[in-house]
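Please consult the sequence and structure shown here.

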Amino acid sequence: MCGIICYCGKKQAIPILINGLKRLEYRGYDSAGFAVVENGAIGKNGRNNKNRRNIVVKAKGRVDHLEKKKIGLDVDATFGIAHTRWATHGKPSQVNAHPQTDCANKISVVHNGIIENYLELKEELMAKGHVFKSETDTEVIAHLVEEYFEDDLEIAVLKAVERLSGTFGIAVIHADIDHQVIIVKRGSPMVVGIGDKEYLAASDSNALTPYTKKMIYLSDDEIAVLNSDEYHIKNLRNETLEKKIEILETRDYKVDKRGFEHYMLKEIFEQPVSIENAMRGRIIESEGVSKLGGLEPVLDRLKNTRQLIIVSCGTSYYAGLLGRYIFEHLTELNIEVELASEFRYRRLKLDEDVAVLALSQSGETADTLAAIKEAKRKGALVLGIVNAVGTAITQITDAGVYNHAGPEIGVASTKIYTSQLVIQTLMALLIGRYQGVSFIEGSEIINALIRLPDQVREILKNADQIKEIAHKYSRYKNFLYIGRLFNYPTAMEGALKLKEISYIHAEGYAAGEMKHGPISLIDRNFPTVAIVPDDLTLDKMISNMQEIKARNGKILSVTNANVPQVEKISNDIIVVPRTIPILQPILNIIPLQLFAYYIAKEKGRDIDKPRNLAKSVTVE
Ligand code: F6R
């Protein structure tokens with residue numbers, strides 16, 4: 001979703017802003033823009049120069065469209081702000097793209113999040129004579145700052161922010177104020193980067209890492225003022241704050257496609273390594289147990305926890321659904337899994353005996369953040385499994401574990417899903433070994449985990465076979481995915497992968513539920529993908545498949561054994577290596593990711609940036 005990058009220093013700002021926008025592209029967006037103030041003679045008081053031009057360049061579509069405009073790209077400017085927009089208020093268009101400006105075109109604002117009271121503010125400002133150009137909620141901020149501005153931008157922004165309700169990360173510049181960028185955060189992440197005689201800010205530290213690893217993560221209701229030779233941070237009561245500078249300890253992952261046609265394909269193929277990275281240094285083979293440094297400070301509390309509630313969204317939610325089975329299998333905890341967006345409506349009794357575990361690739365998902373804030377308010381222990389280092393969720397949780405999977409750029413999550421499954425297994429094993437799980441059982445799980453990367457490699461070697469199968473199925477308009485027990489979440493995740501990147505309708509169902517409704521859809525044009533491992537669900541899965549066959553439904557099976565009955569009923573079959581039942585879904589999802597990818601490719605879809613989707617969903 002929306003992204004912000006800002007620069008204030010001595011270098012040319014525009015290339016830095018454009019590069020930052022490119023690093024934010026993976027989040028998903030529909031338009032982009034930047035504002036800079038052209039350098040010129042310093043005014044009499046050494047600060048203000050009323051003749052400087054505020055240059056605002058915006059374009060609908062990709063950042064390249066912005067570059068292709070070639071307008072304003074050669075302006076001499078050493079501070080500015082830029083934005084990628086994912087439309088919420090008003091359609092994607094050049095006029096609705098950010099930055100938004102005031103009536104005099106001197107104040108530029110970029111904004112992530114939503115201003116909930118923008119309509120009433122807009123009416124009030126229009127009554128005072130302000131003229132609005134866009135349909136956005138953001139534009140009210142520019143006019144409000146204009147309304148309060150006398151000669152101090154900081155004060156004007158403070159006064160404007162007092163009037164806003166909702167969530168936001170904001171950056172503001174004024175053409176008359178030399179080298180000053182003002183940042184405000186409430187509910188939407190903002191981080192300040194401390195460079196060498198230069199300051200940057202962004203909504204995502206990923207945009208800043210080429211310039212600095214020194215970060216200050218703003219908390220809600222904090223304002224950062226960046227000048228060319230100093231910065232300061234205040235709260236909204238105008239009191240100066242001393243904030244810790246953190247060194248972003250992220251491995252330097254290369255953000256390129258490494259010869260793959262799409263990031264998604266590259267990320268599918270990275271899974272042997274991302275699975276290894278999820279386990280690296282986290283297994284004690286000699287004791288049949290895992291070791292998660294990030295959980296050590298809360299381990300005593302965790303051992304005595306009675307209930308674990310997993311909260312997350314989308315693919316991370318399906319990882320959580322599978323987590324329920326994994327934790328139930330290995331621990332004595334009562335497990336609940338809840339969509340983060342629904343969690344707040346529940347009347348759950350949360351206390352210190354309850355732990356809430358957030359799963360999030362981006363660490364920024366607004367629904368997940370809101371859910372864990374609610375859990376914290378009620379006294380629960382809040383934990384996270386997050387991939388993006390230093391992000392908002394990691395700031396709020398009491399303890400957590402990083403995926404260390406490297407950036408996931410393709411909008412459709414692949415390697416993080418399997419990494420989330422591995423880490424939940426390690427967590428469950430850690431807790432389970434204090435409860436009923438024996439050394440032998442622990443060792444079996446560890447041995448199976450260690451074998452996973454090579455088993456994934458084996459599946460990936462068969463990508464061409466999966467491509468051929470995908471070709472056969474690409475003409476269908478609807479799909480049903482079914483599985484039981486550990487593979488019921490696999491069915492849902494497989495269906496989500498297909499629908500989000502190919503735009504084909506697909507439903508993931510618990511196989512047992514099929515006869516309670518969806519079976520009425522089945523005919524020769526409505527194929528089923530059945531996840532049918534050789535485990536205790538096999539016989540029942542075969543019965544469900546028979547029911548489909550009897551109604552002329554085509555079946556593509558994913559299995560881990562040569563079971564004659566499965567072979568007989570299936571029209572097509574993909575065999576993956578066998579592992580223990582709780583880990584089998586990690587192997588079963590890989591061909592389904594590839595299946596979705598190849599169908600989407602055949603349909604010529606924009607696989608890494610599917611329509612309407614964003615990588616980081618920062619609005620609720
Ligand atoms: C689907 C997908 C999304 C995310 C969801 C949560 O492929 O990527 O469904 O899983 O938006 O995002 P995170 O994990 O960043 O909280």
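The points below treat the ligand site and then the salt bridges.

This is a predicted model, in which local features need pLDDT of at least 70, side-chain atom pairs count only at pLDDT 80 or more, and totals for chains, interfaces and linings use all residues. Residues are numbered from 1 along each chain as its sequence is written, and side-chain values use heavy atoms, with hydrogens and water left out.

**Shell around the ligand**
- The ligand is surrounded by 14 residues (a heavy atom within 4 Å); the closest are Ser316, Ser360, Ser362, Thr365 and Glu500.
- By class, the shell comprises 8 polar, 4 nonpolar and 2 charged residues (Asp, Glu, Lys and Arg count as charged; Ala, Val, Leu, Ile, Met, Phe, Trp, Tyr, Cys and Pro as nonpolar; the others, Gly among them, as polar).
- Helices α9 (314–330) and α16 (488–502) each contribute at least two shell residues (helices are DSSP runs of H or I, at least four residues; strands are runs of E, at least two; both are numbered from the N terminus).
- The largest share, 3 residues, belongs to α9.

**Contacts with ligand oxygen atoms**
- A polar side-chain atom of Ser316 lies 2.6 Å from a ligand oxygen atom.
- In Ser362, a side-chain N or O atom is 2.6 Å from an oxygen atom of the ligand.
- For Ser413, a polar backbone atom is 2.8 Å from a ligand oxygen atom.

**Salt bridges**
- The count is 35 salt bridges (a side-chain nitrogen of Lys or Arg within 4 Å of a carboxyl oxygen of Asp or Glu).
- One of them joins Lys234 and Glu154, with the closest N and O atoms 2.6 Å apart.
- This pair links distant parts of the chain, 80 residues apart: Lys234 is in strand β13 (residues 231–235) and Glu154 in helix α5 (residues 153–162).

Notes: A polar contact is a pair of N or O atoms within 3.5 Å; within protein, one must be able to donate a hydrogen and the other to accept it, and residues adjacent in sequence count only if both atoms are side-chain atoms.
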